[in-house]
Amino acid sequence: MRDRESLRKGVDRVAVPIGIRLRAAERRAQLLGVARRLFARDGYRGASMESIAEAAGVTKPVLYQHFSSKRALYSALLAGELGRLTKELEAAFSQAGSNEERLRQGFGAYLGFVDRHEDAFRLLFTEALGLDADFQDQVAEFRRWVAGRVAAIIAAEAGLDAPRAGGLAAAIVGMAEGAAGWWLDERRPLDAGQLAGELAGLAWKGFARFPSCPEPDVAADPV
């Protein structure tokens with residue numbers, strides 16, 4: 001079980017053998033990994049370029065060769081993590097054979113990401129939201145994308161128009177995000193897959209109050 005103390009212990013120094021020169025892409029990936037953990041531990045304002053360079057075992061000039069500023073480094077982190085989460089969710093949605101399975105697979109992929117990448121989740125949905133508008137916009141764009149996917153499922157199953165489906169989809173996205181934060185704060189009181197199943201079941205049963213969509217062409221292409 002991971003918690004803030006494990007994060008603290010994990011970023012004191014990243015083990016890269018002395019004398020080993022990394023290629024530019026490898027060094028960039030290493031620096032991003034170190035920065036991700038420091039930002040998750042200390043917050044954007046608490047982490048400094050100096051501390052990130054020290055934890056990575058490089059000099060500040062080396063760090064600045066890859067990222068021109070702390071803001072640029074954080075923005076690159078956000079883009080990378082949002083891209084990774086989007087890819088995992090896209091795969092979950094596309095591999096499912098039905099709308100119910102899409103919903104369950106989506107929740108499963110989301111909670112699975114949170115379970116494996118707690119520091120990334122905290123960067124995306126906790127720390128970034130208290131920073132400047134550009135960071136907030138990156139997260140908001142991701143939320144709109146997920147809500148659009150969920151809205152298509154709702155429209156196909158419940159026969160709702162776009163505004164009603166969109167409102168419910170935004171609520172479901174918020175539910176998933178809030179439940180994930182609670183789950184981490186409570187130190188994972190149940191399995192991630194179990195929580196995903198509970199959330200998917202709650203959302204799916206909520207659709208039962210609506211009539212089925214009468215247009216087969218809409219239901220045939222939900223996402």
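## A buried arginine

A salt bridge here is a side-chain nitrogen of Lys or Arg within 4 Å of a carboxyl oxygen of Asp or Glu. R27 sits in helix α2, residues 24–46. Helices are DSSP runs (H or I, at least four residues), numbered from the N terminus.

## Model basis

This is a predicted model: local features need pLDDT of at least 70, side-chain atom pairs count only at pLDDT 80 or more, and totals for chains, interfaces and linings use all residues. Residues are numbered from 1 along each chain as its sequence is written, and side-chain values use heavy atoms, with hydrogens and water left out.

## Salt bridges

The structure holds 13 salt bridges. One of them joins R116 and E88 at 2.6 Å, N to O. R116 lies in helix α6 and E88 in helix α5, so the pair ties together parts 28 residues apart in sequence. R116 is partly exposed at 47% relative accessibility, as the class runs between under 20% (buried) and over 50% (exposed). E88 is partly exposed at 24%.

E90 and R149 also form a salt bridge, with closest N and O atoms 2.7 Å apart. This pair links helix α5 to helix α8, 59 residues apart.

E177 pairs with R143 in a salt bridge of 2.4 Å between the closest N and O atoms. E177 counts as buried at 14% relative accessibility, whereas R143 is partly exposed at 26%.

Terms used. Helix = DSSP H or I, 4+ residues; strand = E, 2+ residues; numbered from the N terminus. Buried < 20%, exposed > 50% of the residue type's maximum accessible area, 1.4 Å probe, protein only.
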